[in-house]
Amino acid sequence: MNLPYFISSRITKNEQGSFSSTITRIAIISIAVALSSLILAFLILGGYENVITSKIYSFSGHVVVSKYTLSNSVEETSIMVSDTLLETVKNTEGVDYVQAYSFKYGLLSTQDEVQGVLVKGIDENFNRADFEQHLIRGRFPEFPDENYGTEVAISEKISNILQLDVGDEVTIFFVQKPLRFRKLQITGVYETGLEEIDENVILGDIRLVSRINNWEDNQVGGLEVYLEDPNDQAEAAETLFDKVDFDMYVEKVSDKYIQIFEWLRMLNRNVLILLIIVLFVACFNMVSILLILILERTQMIGIFKSLGASNALIRRIFLFNGLNLIVKGLLWGNFIGLSFCLAQYYFRLIPLDASNYYVSYVPISLDFGIVLLLNVMAILVVGVTLFIPLSLISRIQPVKAIRFD
């Protein structure tokens, strides 16, 4: 029989209705609140990162290869896409697939309104599967095998401004010499929540952009590179920079949309600060509560010592008592935190203003690895702090303790 564990369990049973029972409830509640808060913070942060980065990557890939230029214009100087260049990029370690793109400024015109837009020309290799999650009406544009297609997908914001919808025709003017225009057929309306995209970008055939620019068939604005692991952007960009021609520019998408990624990094810092504060408060509460429990049972400690019990044995009794409180608090904390996260994940109970938060609801990432890590961290950090009040036991003298009231 484990004597310290047996005595600790007997103490816990005899606490019902006493002052100690109130203290233990406070300890359990404090740990439960701390853990559930951390679970919510980390899973919501993970949800934000997953949702927002997936929106950006669905439009821009992970790394962009374009022509090096000193101009700040979104419209690129074209690059020649040769078989050698494509093979070089595709065979780079960590690259999943590659798609070509081109940008062209234009003016969408209706009878009542005119709106400046940025036409993003895409081809059959475009990542449709990831983009279609943003379609709220209609379908993805289809491009013919010959010539070029005139079907486009516009954003919900542009649709509202110009009072256009799926099935409508609209004229786009390309301001250049000579002035050119085309009739476009709207087949889909999308919404990402990202102002940089929703306010400007429409998707169309890359061959339309090439025809307007008088480019050859193998001329494009650039290449969007998708990686097997988005976290390898820095390594992939450096490798590609060494492989491609000297007149080409390789850019990480995290640098292209640096404001959004900086915002996510700021959220990361805030959650880490919350982690430190919450763990500190939980540790402080456990130290205080265990100290109170030790002082309340000073006479018992004195009796045990007078009977020959060692300081180590008595410390283990109260260590088991403290660990019992921690485990109960963790169980309740996991139940509360995960219950809320699952409810939000499946039912989206809490809405958000998409214009400020890029998403219309609080996103949740069900990463149970993070939950397990938080539990282990809480047990280790709070458990270690239990030894601070336990050191008081060695200073208690049996004679004084027995007479303690």
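**View 1. The surroundings of histidine 134.** Histidine 134 is in contact (heavy atoms within 4.5 Å) with Lys55, Ser58, Phe59, Val189, Tyr190, Glu191 and Thr192, leaving aside its neighbours within four places in sequence. This is a predicted model, in which local features need pLDDT of at least 70 and side-chain atom pairs count only at pLDDT 80 or more, while totals for chains, interfaces and linings use all residues. Residues are numbered from 1 along each chain as its sequence is written, and side-chain values use heavy atoms, with hydrogens and water left out. Histidine 134 lies in the loop between helix H4 (128–131) and strand S5 (135–138); helices (H or I, at least four residues) and strands (E, at least two) are DSSP runs, numbered from the N terminus. With 4% relative accessibility, histidine 134 counts as buried, a term for under 20% relative accessible area, with exposed over 50% and partly exposed in between (1.4 Å probe, protein chains only).

**View 2. The packing of helices H10 and H14.** Two packed helices are described by the angle between their axes and the distance between the axes. Helix H10 (residues 258–296) packs against helix H14 (residues 368–385) at an angle of about 40°, their axes being 9 Å apart. Axes are lines fitted to C-alpha atoms, for helices over the stretch in contact, and angles run from 0 to 180 degrees between N-to-C directions. Leu275, Leu279, Ala282, Cys283, Met286 and Val287 in H10 meet Leu374, Met377, Ala378, Val381, Val382 and Thr385 in H14.

**View 3. Two cysteines.** Cysteine 283 counts as buried at 10% relative accessibility, and cysteine 341 counts as buried at 0%.
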